[in-house]
Amino acid sequence: HSTTVKYDFLRNLGPVYKWAKVTHELKSNHIDMLLWLYPRGPFSKGDFKFFHNTMEIFPKKTFDMLTSRGFITVWRDTNKGQRALYIVTNKTKLLCSDLHNFLVGDKDIPTKPSRNGLVKEGAPKLHNYFMKVINQINKDRS
């Protein structure tokens, strides 16, 4: 018995998220936050806090971490009655674009240590299981 589905791009969500979390040293909710911000254009800290509150209770800590690690940058400083606005950086755009491309099957998930933290020297043995799945995903894509 088989099931025909119209969309199956979320099938590989677990391994793709694991790749992103380990390679970019982020938590799942940080990735969710960046994916939410990715298409928005300039945003305020209030916009950030609005969505962040659905995931955690310390938005300032997350905002500061994402900014200091180069995922978010200032687009416009506070100026005469205008609040500061922020944008995601090219680093975030590349991450989000990669996630989308991996999930829809347009691009192979990287398997080299320079682009995949799961295969770096000294990585936990558990990462080998994810790499087996990633290799199968890439094989199925071909």
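Residues are numbered from 1 along each chain as its sequence is written. Because the model is predicted, local features need pLDDT of at least 70 and side-chain atom pairs count only at pLDDT 80 or more, while totals for chains, interfaces and linings use all residues; side-chain values use heavy atoms, without hydrogens and water.

The packing concerns helix 1 (residues 13–24) and helix 5 (residues 90–104), whose axes lie 10 Å apart at an angle of about 155°. Helix 1 is therefore roughly antiparallel to helix 5, a term for angles over 145 degrees, where under 35 is roughly parallel, 65 to 115 roughly perpendicular and the rest oblique. Helices are DSSP runs (H or I, at least four residues) numbered from the N terminus, and their axes are lines fitted to C-alpha atoms over the stretch in contact, with angles from 0 to 180 degrees between N-to-C directions. The crossing of helix 1 with helix 5 is right-handed, the near helix being turned clockwise from the far one by less than a right angle.

On the side of helix 1, the contact (heavy atoms within 4.5 Å) involves Leu13, Val16, Trp19, Ala20 and His24, which meet Leu95, Asp98, Leu99, Phe102 and Leu103 of helix 5. By class, the residues of this contact comprise eight nonpolar, one polar and one charged.

A salt bridge is a side-chain nitrogen of Lys or Arg within 4 Å of a carboxyl oxygen of Asp or Glu. Asp98 is buried at a relative accessible area of 1%, whereas Lys107 is partly exposed at 31%; buried means under 20%, exposed over 50% and partly exposed in between, for a 1.4 Å probe and protein chains only. A network of salt bridges links Asp98, Lys107 and Arg115.

The whole structure holds four salt bridges. One of them joins Asp108 and Arg141 at 2.6 Å, N to O. This pair links distant parts of the chain, 33 residues apart, with Asp108 in the loop between helix 5 and helix 6 (126–141) and Arg141 in helix 6. Asp108 is partly exposed at 33% relative accessibility, and Arg141 is partly exposed at 37%.

Another salt bridge, between Asp64 and Lys60, has an N to O distance of 2.9 Å. Both residues, Asp64 and Lys60, belong to helix 4 (residues 59–68) and stand four residues apart, about one turn of the helix. Lys60 is exposed at 58% relative accessibility, while Asp64 is partly exposed at 34%.

Definitions and conventions: Helix = DSSP H or I, 4+ residues; strand = E, 2+ residues; numbered from the N terminus. Nonpolar A, V, L, I, M, F, W, Y, C, P; charged D, E, K, R; others polar.
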